[in-house]
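Subject: Structure handover

Dear colleague,

Please find the structure below. My notes on it follow.

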Amino acid sequence: VRSDVESAIARVVESGQFILGPEVEAFEREFAEYLGVRHVVGVANGTDALTIALRCLGVGPGDDVVVPSFTFYASAEAIPHTGARPVFCDVDPETFCVTPESVEQALTPATRAVIAVDLFGRVAPSDRLREQLAGRDIAVLEDAAQAAGARLHGRRAGSLGDAGTFSFFPSKNLFCFGDGGAITTDDDEVAAAARQLRFHGSGGGDTHTEVGYNSRLDELQAAGLRVLLPHLPAWTEARRAIASGYAASGLAESLRLPVETAGAECCYHLYVIRSPQRDEVAARLEAAEIGARAYYSIPLHRQPAMREFAPSQPLPNVDAAAAESLALPMGPALTAADVEQVAAALADS
């Protein structure tokens, strides 16, 4: 797709419009149609998307936001910027996502929102969370940064919460050529607030009614995303085919393979296995010159910057996932032969 991307970039350069122009408007419209939501608001990155979305959902000083401790740092980092406090919860031992039960245990009288992270492309049960929290004035924010292309009961990731957020960091399934992010929602008021906050708290002109952000998806990134978005379904199917190849390779005899959320189609941003002998498994792969990586080995509630928010109760599933998980090679360019090579290196692990 390189020539198509280069043509799109050249089109933007020729236009002379680089901020909040026709490319951003078109991408927001096309991505909204793909997701099946009313609104997409492009912002500068996925972290800003989380912070702005939380504010648009009414989160502010004195509030608590429940967030899983086994995820990328930004999921929790966004919360203190609103004045709220992160409250860490445990995760499902199979999917690594929050559950209604783990969220319920973490709720406080001050809880204003729950961040449901679609980790590694596995979709969190945001639909069940919304049913559980209905009538309690607690919003569900779906962090779909790793889940572009995934589904739950036929609905696309990013459309399942009161609002959703995406990152288009270059390693993501749907990526841009720098930083980029988006907020998704069916709520007209949330969308309007997000558009205002991303542009210095202004609805246009010289009047600023909020202390906002300079956080806008730029035209170059939007133009590139418009080229890549039509390829996302095929890339997702390719990732799922590689995952099926791993499942059929015999790896399950010695390793715990990924489990999808009930009713979901994972997009396999990463293919993460589990083993109590993770370091030995990683060493075996390294000896075969095959890349592998452990993600989030230090859970968020154990990060130095989050020490003041550490829970008093243990999070055993988080700690186990942090100690045992390992990402194997995954991507739409991999082949069946690559899967066989990985499986051969892991035989008898």
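What covers the buried residues of α8? The cover includes α1 (2-15), α2 (22-35) and α9 (232-247), where contact means heavy atoms within 4.5 Å.

First, the conventions. This is a predicted model, in which local features need pLDDT of at least 70 and side-chain atom pairs count only at pLDDT 80 or more, while totals for chains, interfaces and linings use all residues. Residues are numbered from 1 along each chain as its sequence is written, and side-chain values use heavy atoms, with hydrogens and water left out. Helices (H or I, at least four residues) and strands (E, at least two) are DSSP runs numbered from the N terminus.

Helix α8

Eight of the ten residues of α8 (residues 219-228) are buried, buried being under 20% relative accessible area, exposed over 50% and partly exposed in between (1.4 Å probe, protein chains only). Among them are Glu219, Gln221, Leu225 and Leu228. The N-terminal end of α8 is capped by Asp218, with a side-chain oxygen 2.9 Å from the backbone nitrogen of Leu220.

Thr184

Thr184 belongs to strand β9 (residues 181-185). Thr184 counts as buried because its relative accessibility is 0%. Its side chain reaches the backbone oxygen of Gly158 at 2.6 Å. Leaving aside neighbours within four places in sequence, Thr184 is in contact with residues including Leu35, His39, Gly158 and Phe166.

Three-stranded sheet

An open sheet has the strand order β7-β6-β10, with antiparallel pairing; strands pair if DSSP finds at least two bridges between them. β7 (155-156) and β10 (264-265) are at the edges with a single partner strand each, so one side of each has no neighbour in the sheet. Strand β6 (residues 151-152) pairs with β7 over two bridges, and Arg151 stands opposite Arg156 in β7.

Largest pocket

The largest pocket has a volume of about 500 Å³. A pocket here is an open set of points on a 1 Å grid over the protein atoms alone, where a 1.4 Å probe fits, with protein on both sides within 12 Å along at least five of seven lines; lining residues have an atom within 4 Å of a point. Of the 26 lining residues, Phe72, Gln146, Ser167, Phe169 and Lys172 are the closest to the centre of the largest pocket. Two or more lining residues come from each of α3 (46-56), α4 (74-77) and β8 (163-167). The lining divides into eleven nonpolar, eleven polar and four charged residues, with Gly counted as polar.

Regards

Methods. Polar contact = N/O pair within 3.5 Å; in protein donor to acceptor, adjacent residues only side chain to side chain. Points joined across faces, edges and corners; volume = space filled by probe spheres on them.
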